[in-house]
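Dear colleague,

I am passing on the structure below, and the notes that follow go through what was found in it. Please read them with the coordinates open beside you.

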Amino acid sequence: MSTLPPCPKCNSEYTYEDGTQLVCPECAHEWSPGAAAEAGDGEPVIKDSVGNVLQDGDSVSVIKDLKVKGSSLVVKVGTKVKNIRLCDGDHDIDCKIDGIGAMKLKSEFVRKV
Ligand SMILES: [Zn+2]
């Protein structure tokens, strides 16, 4: 019995595996199963260190000292960061920190306040 997911484009059930890709014989769509699963839930959800869902405009505090790349500055644990913006990438929070300026943070190193 096949456990392959249906084609995300045309919903055909006749998908088959081709290496790491899945292929739909009806509309010729090719995709990788991992990507399809991620796309299924709409917007990616970014969570803080304890699992709170973060949104644009939230305020967070930093839970560990973070070195600022390319400088000797350190964002101290407990630093409050207001009005964050979520973005894509390894560092998924865009923000401005008093005394430091614009920088990017990782969501795993902050906690919603
Ligand atoms: Zn298809």
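Which residues does Asp58 touch, not counting residues up to four places away in sequence? They are Val53, Val81, Lys82, Asn83, Ile84 and Lys112, where contact means heavy atoms within 4.5 Å.

Before going further, please note that this is a predicted model, in which local features need pLDDT of at least 70 and side-chain atom pairs count only at pLDDT 80 or more, while totals for chains, interfaces and linings use all residues. Residues are numbered from 1 along each chain as its sequence is written, and side-chain values use heavy atoms, with hydrogens and water left out.

To stay with Asp58, this residue is found in the loop between helix 1 (33-39) and strand 4, helices (H or I, at least four residues) and strands (E, at least two) being DSSP runs numbered from the N terminus. Asp58 counts as buried because its relative accessibility is 14%, the term buried meaning under 20% relative accessible area, with exposed over 50% and partly exposed in between (1.4 Å probe, protein chains only). The side chain of Asp58 also reaches the backbone nitrogen of Gln55 at 2.9 Å.

**The zinc site**

The zinc ion has as its protein donors the SG atoms of Cys7, Cys10, Cys24 and Cys27, which lie 2.2 to 2.3 Å from it; donors are N, O and S atoms within 2.8 Å of the metal (3.2 Å for Na, K and Ca), and since water is not among the atoms, sites may look incomplete. The angles among the four donor atoms run from 106 to 116 degrees, and the site is tetrahedral, a label given to four donors if all angles lie between 85 and 135 degrees. For reference, the ideal angle for four tetrahedral donors is 109.5 degrees. Along the chain, the donors of the zinc ion follow the spacing C-x2-C-x13-C-x2-C. Cys7 lies in the segment before strand 1 (16-18) and Cys24 in the loop between strand 2 (21-23) and strand 3 (30-31), so this pair ties together parts that are 17 residues apart in sequence. Both Cys7 and Cys24 are buried.

**Sheets and hairpin**

Strand 1 and strand 2 are joined by three bridges, and Asp18 stands opposite Gln21 in strand 2.

Another open sheet of three strands, also antiparallel, has the order 7-4-11, with strand 7 (80-81) and strand 11 (110-112) at the edges. Strand 4 (residues 60-62) pairs with strand 7 over two bridges, and the bridge partner of Ser61 in strand 7 is Lys80.

Strand 9 (residues 93-97) and strand 10 (residues 101-105) run antiparallel and are joined by five bridges, with Asp94 opposite Lys104. Three residues lie between the strands of this hairpin, in which Gly99 takes a positive phi near 85 degrees.

Leaving aside neighbours within four places in sequence, the contacts of Leu105 include Leu66, Val81, Cys95 and Val110.

Best regards

How values were computed. Two strands pair if DSSP finds at least two bridges between them. Four donors count as tetrahedral if all angles lie between 85 and 135 degrees; four count as square planar and six as octahedral if opposite donors are over 155 degrees apart and all others between 65 and 115; anything else is irregular. A polar contact is a pair of N or O atoms within 3.5 Å; within protein, one must be able to donate a hydrogen and the other to accept it, and residues adjacent in sequence count only if both atoms are side-chain atoms.
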